[in-house]
Amino acid sequence: MKEAVFSSPLFGISISIIAYYIGVVLNKKTKIALVNPLLISYVIIISFLKVFNIPLEWYLNGGDFINLFLTPATAVLALTIYRQRKLIKENFLTIALATFVGAITSIVSVLALCKLFSLSDPITYSLLPKSITTPMAIAVSSSIGGIESITVLAVIITGVTGNILAPVLIKLLKVKDPITQGVAIGTCSHAVGTSKAVELGDVQGAVSSVALTFTGIITVVLSLIIFNFI
């Protein structure tokens with residue numbers, strides 16, 4: 001009976017939607033950055049699976065259906081770019097250079113910290129693509145000998161952290177330029193962070209979308225180069 005209910009694809013889809021809805025409601029009521037809908041939904045789903053001893057495979061029967069929308073959802077961000085195409089064209093060089101510097105900083109910081117803490121090569125390779133979207137990160141990680149599950153976890157943590165802290169850091173550091181805000185968010189926290197950039201404004205959302213795209217391309221190329229020289 002238990003397997004029949006919880007192994008159904010409907011279970012994975014339903015609990016994902018319900019958990020996220022609860023997160024959205026709590027976020028609106030509390031207005032606290034840490035009460036992030038994505039973070040809340042992760043906690044609810046993981047807790048539910050652990051408490052009721054439900055195998056992850058059963059949840060993924062429905063959860064994988066939701067994952068199918070990840071790539072199309074990222075592609076939809078192109079609409080925000082199109083709407084702000086004139087602004088992006090005028091500031092293209094600035095956005096490209098800033099993104100390049102941000103992508104290099106991300107990779108170098110990972111390499112430095114992994115070296116500092118004497119982490120193994122597979123762990124290092126798994127963490128290198130942490131700041132790009134999940135499909136690209138998995139492709140990079142698997143091609144250079146990383147561990148996909150660790151890569152996915154790193155990408156999730158990076159995205160959620162960026163989504164939560166972006167508005168806080170913008171206020172704390174008094175970053176008023178929307179282009180700067182967009183570049184910083186898109187370069188550091190891929191599509192999950194960009195979803196927050198879209199909430200901040202049309203310019204931030206469009207620039208962040210461009211930045212996450214550039215960061216993905218740069219990270220893919222640099223990761224493969226670094227892998228051949230490490």
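Of the contacts in the protein with a separation of 6 or more, 67% link residues 24 or more positions apart, contact meaning heavy atoms within 4.5 Å. The model is a predicted one, where local features need pLDDT of at least 70 and side-chain atom pairs count only at pLDDT 80 or more, while totals for chains, interfaces and linings use all residues. Numbering starts from 1 along each chain as its sequence is written, and side-chain values rest on heavy atoms, with hydrogens and water left out.

As for the overall build, there are 13 helices and zero strands; these are DSSP runs numbered from the N terminus (helices: H or I, at least four residues; strands: E, at least two). The C-alpha trace spans about 60 × 45 × 30 Å along its principal axes. Buried residues come to 37% of the 230. Here buried means under 20% relative accessible area, exposed means over 50%, and partly exposed is in between (1.4 Å probe, protein chains only).

Next, the inside. The largest nonpolar core has eleven residues in all: Ile-107, Val-110, Cys-114, Tyr-125, Leu-128, Ile-132, Ala-137, Val-140, Ile-144, Val-155 and Ile-226. Such a core is a set of buried Ala, Val, Leu, Ile, Met, Phe, Trp, Tyr and Cys residues joined through side-chain atoms within 4.5 Å. Helices α8 (92-116) and α10 (134-144) are the elements that give two or more residues to this core. Another core, of nine residues, lies apart from it and includes Ala-19, Leu-49, Ile-54 and Tyr-59. Back in the eleven-residue core, Ile-226 is in contact with Ile-107 and Leu-111, leaving aside neighbours within four places in sequence.

Ile-138 also sits in α10, but at 25% relative accessibility Ile-138 counts as partly exposed. Not counting residues up to four places away in sequence, Ile-138 touches Glu-148, Thr-151 and Val-152. Phe-52 is 86 residues from Ile-138 in sequence and 30 Å away in space, C-alpha to C-alpha.

Now for a pair of packed helices. Helix α11 (residues 148-172) and helix α12 (residues 178-200) have axes that come within 8 Å and cross at roughly 75 degrees. The two are therefore roughly perpendicular to each other, a label for angles of 65 to 115 degrees, with under 35 being roughly parallel, over 145 roughly antiparallel and the rest oblique. From α11 the contact draws on residues including Val-155, Gly-159, Gly-162 and Ala-166, and from α12 on residues including Ile-185, Ser-189, Val-192 and Gly-193. By class, the residues of this contact split into nine nonpolar, nine polar and one charged.

Most residues other than glycine have a negative phi. Ser-118, not a glycine, has a positive phi of about 55 degrees, and Lys-174 likewise has a positive phi, near 55 degrees. Ser-118 belongs to the loop between α8 and α9 (121-127), whereas Lys-174 is in the loop between α11 and α12. Ser-118 counts as exposed at 64% relative accessibility, and Lys-174 counts as exposed at 66%.

Definitions and conventions:
Axes are lines fitted to C-alpha atoms, for helices over the stretch in contact, and angles run from 0 to 180 degrees between N-to-C directions. Ala, Val, Leu, Ile, Met, Phe, Trp, Tyr, Cys and Pro count as nonpolar, Asp, Glu, Lys and Arg as charged, and the others, Gly among them, as polar.
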